Amino acid sequence: MGIVLIIVIRKRQKKRIKKAYPSNTIIHHQIGRGPYAPSITPFAVKLETYLRMAKVPYLNENDSVTNRSSKGKLTWIEYNGQEVADSEFCIQFINKTFNIDLDKNFSDEEIGAGRAIQRMVDEHLHWTVALQRWVYDPKHGIDVRKFLNIPWPMFYMVGNLVKKQSYAQGVGRHSEEEVLQVMDEDLMALSKFLGMKKFMLGEQASQTDCAVFGMLSQIHWHSFGGTGETLYKKYPNLSAYCERMKAKFWPDWNECITEGWTRTASK
């Protein structure tokens, strides 16, 4: 196994080869399509949902397993040769480059609340979802590796990485029971804030919805029967919200998934 891991790491460290892309087009680098949602990474779903909301020209490049950003991120963009890493910085760059403001119709108070929600989802709920998927569910006999179609050495390596990074961040220092409590509290907060609204800030989708939908997509479509799924089902308005976001911004959803790895996604 050690030799295999070394080979995987060396492949990921290979010098990037620049490719020629169409000008004035966002190149969205990601790891590829997922089994039941367009990606197994929430940040790829977040960023591509934003690209669809903003209606900017973009192409997907499914190469980031071996072609990561300068920050080591799996989701990043290029635009006319300029590289931007981290989904939130990517969105800020696109907003500035294309003069886009998806939140222009919201009040300062609503925008502030949306930013707080985005931070909670990306920087807090994310770690509970990651620990559930890569550490807790496998420990309890759920074959996540098979569901995600990931080779065992890579799955093992990612699991260890999640443990280390979540410990450094803080969430990973808690017991499994405490992490699940934190996940439930975050989901409850989202559910209460959403209430009966169509989208997080009201009847119109906002930039905040990209982050929320990206994260919830992993629980909604890629939980595979774990405890996270059980907690999520306590909040039916979140499930209905995911289906609304899918219908509005992903009419080609079935073309962007592999149906449990039974076929190649056509988009």
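How many of the 13 residues of helix 2 are buried? Twelve of them are, so helix 2 is largely enclosed by the rest of the structure. Please keep in mind that this is a predicted model.

**Helix 2**

- The buried residues of helix 2 are Pro42, Ala44, Val45, Lys46, Leu47, Glu48, Thr49, Tyr50, Leu51, Arg52, Met53 and Ala54.
- Its 13 residues should span 18 Å at 1.5 Å a residue, and the end C-alpha atoms of helix 2 are 18 Å apart, which agrees.
- Just after helix 2 comes Lys55, with a positive phi of about 60°.

**Helix 6**

- Helix 6 covers residues 152–169; at 1.5 Å a residue, these 18 residues should span 26 Å, and the 25 Å between the end C-alpha atoms agrees with that.
- Buried residues in helix 6 are Pro153, Met154, Phe155, Met157, Gly159, Val162 and Ser166.

**The largest pocket**

- The volume of the largest pocket is about 1400 Å³.
- Its lining is made up of 46 residues, and those nearest the centre of the pocket are Ile31, Thr41, Arg68, Leu74 and Val158.
- By residue class, the lining holds 22 nonpolar, twelve polar and twelve charged residues.
- At least two lining residues come from each of helix 1 (2–12), helix 2 (42–54), helix 3 (87–98), helix 4 (108–139), helix 6 and helix 8 (207–221).
- Helix 4 supplies the largest share of the lining, ten residues.

**The nonpolar cores**

- The largest nonpolar core has 49 residues, and the members that touch the most others are Tyr50, Ile94, Leu187, Leu190, Phe213, Leu216 and Tyr241.
- Two or more residues of this core come from each of helix 2, strand 3 (76–79), helix 3, helix 4, helix 7 (176–194), helix 8, helix 9 (227–232) and helix 10 (236–249).
- Helix 8 gives this core its largest share, seven residues.
- Leaving aside residues up to four places away in sequence, Leu216 touches Leu187, Leu190, Tyr232, Leu238, Tyr241 and Cys242.
- There is also a second, separate core of 18 residues, with Trp127, Ala130, Val135 and Met157 among them.

How values were computed:
Residues are numbered from 1 along each chain as its sequence is written. This is a predicted model: local features need pLDDT of at least 70, side-chain atom pairs count only at pLDDT 80 or more; totals for chains, interfaces and linings use all residues. Side-chain values use heavy atoms; hydrogens and water are left out. Helices (H or I, at least four residues) and strands (E, at least two) are DSSP runs, numbered from the N terminus. The expected span of a helix is 1.5 Å times one less than its number of residues. Buried means under 20% relative accessible area, exposed over 50%, partly exposed in between (1.4 Å probe, protein chains only). On a 1 Å grid over the protein atoms alone, a cavity is a set of points where a 1.4 Å probe fits but cannot get out, and a pocket is an open set with protein on both sides within 12 Å along at least five of seven lines; lining residues have an atom within 4 Å of a point. Grid points are joined across faces, edges and corners, and a volume is the space filled by probe spheres set on the points. Ala, Val, Leu, Ile, Met, Phe, Trp, Tyr, Cys and Pro count as nonpolar, Asp, Glu, Lys and Arg as charged, and the others, Gly among them, as polar. A nonpolar core is a set of buried Ala, Val, Leu, Ile, Met, Phe, Trp, Tyr and Cys residues joined through side-chain atoms within 4.5 Å. Contact means heavy atoms within 4.5 Å.
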